[in-house]
Amino acid sequence: MDFTSRVLTLEQQGAVTTLWLDHADRRNAMGPDLWNDLPAAMQRLAADREVRAVVIAAKGSAFTVGLDLKAMGAMLMQAPEGGSEVLGRQDFYREVKRLQ
């Protein structure tokens, strides 16, 4: 497969591909790399006519500990572009919608 990621690994066996959350040292925390790479991985799998099923699994002791607050918190709480609290809230809302 021609997909590379620091936090995801694809492993294909016949018609089934396992998408591994592969950042065990961070207990598979969901940070910017995951949110950027996951859509690309799914598009890659959707384009592969041999893939009939995708299993999402995780390496390490935890499937995921959830949102990577260290990475995402800093990103979401950065100063708004115009300095206005209202603009900051709008930026925050747009980022949350993008992540959904």
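1. Buried means under 20% relative accessible area, exposed means over 50%, and partly exposed lies in between (1.4 Å probe, protein chains only). By that cut-off, strand 2 is mostly covered, with five of its six residues buried. Helices (H or I, at least four residues) and strands (E, at least two) are DSSP runs, numbered from the N terminus.

2. A word on the basis. This is a predicted model: local features need pLDDT of at least 70, side-chain atom pairs count only at pLDDT 80 or more, and totals for chains, interfaces and linings use all residues. Residues are numbered from 1 along each chain as its sequence is written, and side-chain values use heavy atoms, with hydrogens and water left out.

3. Which strands pair with strand 2, and in what sense? Strand 1 joins strand 2 through six bridges, running antiparallel. Strand 3 pairs with strand 2 in the parallel sense, over six bridges. Two strands count as paired if DSSP finds at least two bridges between them.

4. Valine 16 of strand 2 can be followed in both directions. Glutamine 13 stands opposite valine 16. In strand 3, alanine 53 is the bridge partner of valine 16. The hairpin of strand 1 and strand 2 has two residues between the strands, and glycine 14 takes a positive phi there, near 65 degrees.

5. Strand 2, helix 1 and strand 3 form a right-handed β-α-β unit. Right-handed here means that, with the strands pointing away from the viewer, the path from the first strand over the helix to the second runs clockwise.

6. Look next at the loop between strand 2 (16-21) and helix 1 (32-47), where arginine 27 lies. Asparagine 28 is found in that loop too. Most residues other than glycine have a negative phi. Arginine 27 has a positive phi, near 55 degrees. Asparagine 28 also has a positive phi, near 55 degrees. Arginine 27 is partly exposed at 47% relative accessible area, while asparagine 28 is buried at 3%.

7. How many salt bridges does a search of the whole structure find? The search finds five. A salt bridge is a side-chain nitrogen of Lys or Arg within 4 Å of a carboxyl oxygen of Asp or Glu.

8. Aspartate 33 and arginine 6 meet in a salt bridge, at 3.1 Å from N to O. Aspartate 33 is in helix 1 and arginine 6 in the segment before strand 1 (8-13), so the pair ties together parts 27 residues apart in sequence. Aspartate 33 is partly exposed, at 28%. Arginine 6 is exposed, at 66%.

9. Arginine 26 forms a salt bridge with aspartate 68, with the closest N and O atoms 2.9 Å apart. This pair links distant parts of the chain, 42 residues apart: arginine 26 is in the loop between strand 2 and helix 1, and aspartate 68 in the loop between strand 3 (53-58) and helix 2 (69-76). Arginine 26 is partly exposed, at 32%. Aspartate 68 is buried, at 10%.

10. Asp2, Arg44 and Asp48 are linked in a network of salt bridges. Within it, the closest N and O atoms of arginine 44 and aspartate 48 are 3.4 Å apart. Arginine 44 is partly exposed, at 23%, whereas aspartate 48 is buried, at 16%.

11. The charged end of lysine 59 sits over the ring of tryptophan 20, 5.3 Å from its centre. The criterion is NZ of Lys or CZ of Arg within 6 Å of the ring centre and within 35 degrees of the ring normal.
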